[in-house]
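Subject: Structure for you to look at

Hello,

Here is the structure I said I would pass on. Please open it first, then read my notes below with the model beside you.

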Amino acid sequence: MSLPKVINAIRRHKKFLISGHVDPEADAIGSQLALASLIKRLGKDPIIIDQDPPPISCDFMPGINSIILCKDLNKKVLKDIDCALIVDCPTLERTGKVAGLITKDMEIVNIDHHGSNGDFGNVNWVNEKGAATGEMVFEIFKRLGLKLTKDDAINIYSAMLIDTGSFRYSNTSAKTHIIAAELIKNGLDTNFIYESLFEMKAYEVTHLLGRSLSTLKKSADGKIAWMWITREMMKKSGAELKDAENFIGFPRAVRGSKVALLFKETEKKGLIKVSLRGKDGVDVNKIAMKFGGGGHVAAAGFSIKAARREAEKRVLAEISKHV
């Protein structure tokens, strides 16, 4: 276990770049915000930098406005940074443009729960049994003897809630519930957090969901279910791709499905992002790795360069081998 090495790195360094993966969701965001709070309380200097903005669903999270996007970055803030804390990323490349900001003078600390993690850091703490990276950040607070503030608890609870599907997915453990119980003692409004992450959608996002649901299909044997988000749908609805993070739950909910997919056309013509969810022991991480992606046994993703029909054909053919 590399938690002691992570603690040692945090104690040794003074100024930190904190980042997560591209197209971040509440686990990446909550973990970054909680870590930044921890660093500040140790009398040190944290700077959160991400390539992409958080989804609208994360707007309620304390400290959300402290996140700096690469496009808005004044590189003067990078001066004297001696450590990069990278969370929820299986590879450094998954941070996108942030990877180019990390110099050889920075020690890289890799904190992640993806089984496909490539141990890219100078210090690597990878716990694939962890339900969320937020769980791991909670352990850092405990090891350092820091009492969580209510804001810290909100961010870590949100991280855990999103990655466990509101404590419904198979990655939810007894430990997850024990940590959640301790976080709730801080006076959290758990209903508000749940509604913010899963239910309170802007009109444009709900409009996009309706269009996407109209594409829902399943394989002849019912074991694969999928749907699409196209550029045309986003243009007509006025929504953005980053706000569709929970759409994958709809094909996943189709009775009899063992693998669910969400195909998402990006702004870059010919590039399609694919989200995967697996059930009943189907390892979607192995499927994603066939296309250069990765993730967890039950949740993974990748990108593919192809026309829509070709992408769907190739991906479904590969999945058929696993179900």
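Leu213, Leu216 and Phe250 form a nonpolar patch on the surface, and together they have about 220 Å² of accessible area. A patch is built from residues with over 30% relative accessible area and no salt bridge, where like charges are joined within 9 Å and nonpolar side chains (Val, Leu, Ile, Met, Phe, Trp, Tyr) within 5 Å. The areas come from the Shrake-Rupley method with a 1.4 Å probe, and for residues only the protein chains shown count as cover. A salt bridge is a side-chain nitrogen of Lys or Arg within 4 Å of a carboxyl oxygen of Asp or Glu.

This is a predicted model, in which local features need pLDDT of at least 70 and side-chain atom pairs count only at pLDDT 80 or more, while totals for chains, interfaces and linings use all residues. Residues are numbered from 1 along each chain as its sequence is written, and side-chain values use heavy atoms, with hydrogens and water left out.

Helices (H or I, at least four residues) and strands (E, at least two) are DSSP runs, numbered from the N terminus. Leu216 counts as partly exposed because its relative accessibility is 34%. The classes are buried (under 20% relative accessible area), exposed (over 50%) and partly exposed (in between), with a 1.4 Å probe and protein chains only.

Two strands pair if DSSP finds at least two bridges between them. Strand 2 (residues 45–50) is joined to strand 3 by 2 bridges, and Asp50 has Leu69 in strand 3 as its bridge partner.

Touching, or contact, means heavy atoms within 4.5 Å. The axes behind the angles are lines fitted to C-alpha atoms, for helices over the stretch in contact, and the angles run from 0 to 180 degrees between N-to-C directions.

How many of the residues of strand 1 are buried? The count is 5 of 5. Lys15, Leu17 and Ser19 point one way from strand 1, while Phe16 and Ile18 point the other way. Strand 1 pairs with strand 2 in the parallel sense over 4 bridges, and the partner of Leu17 in strand 2 is Ile47.

Positive phi values

Most residues other than glycine have a negative phi. Asp23 has a positive phi, near 50°, and lies in the loop between strand 1 and helix 2 (26–41). Ser166 has a positive phi too, near 65°; its loop runs between helix 4 (150–163) and helix 5 (174–184).

Salt bridges

The whole structure has 12 salt bridges. In one of them, Arg12 meets Glu107 with the closest N and O atoms 2.9 Å apart. Arg12 is in helix 1 and Glu107 in strand 5, 95 residues apart in the chain. Arg12 is partly exposed, because its relative accessible area is 44%, whereas Glu107 counts as buried at 17%.

Asp152 and Arg41 form another salt bridge, at 3.0 Å from N to O. This pair links helix 4, which holds Asp152, with helix 2, which holds Arg41, across 111 residues. Asp152 is buried at 2% relative accessibility, and Arg41 is partly exposed at 36%.

The mixed sheet

An open sheet of 6 strands has the order 7-8-9-10-12-11 and mixed pairing. Its edge strands are strand 7 and strand 11 (294–295). Strand 9 (residues 259–265) and strand 10 (residues 271–278) are antiparallel and share 7 bridges, with Leu261 opposite Leu276 in strand 10. Helix 7 packs on this sheet, touching strand 8 (224–229) and strand 9, and its direction makes about 130° with that of strand 8.

Regards
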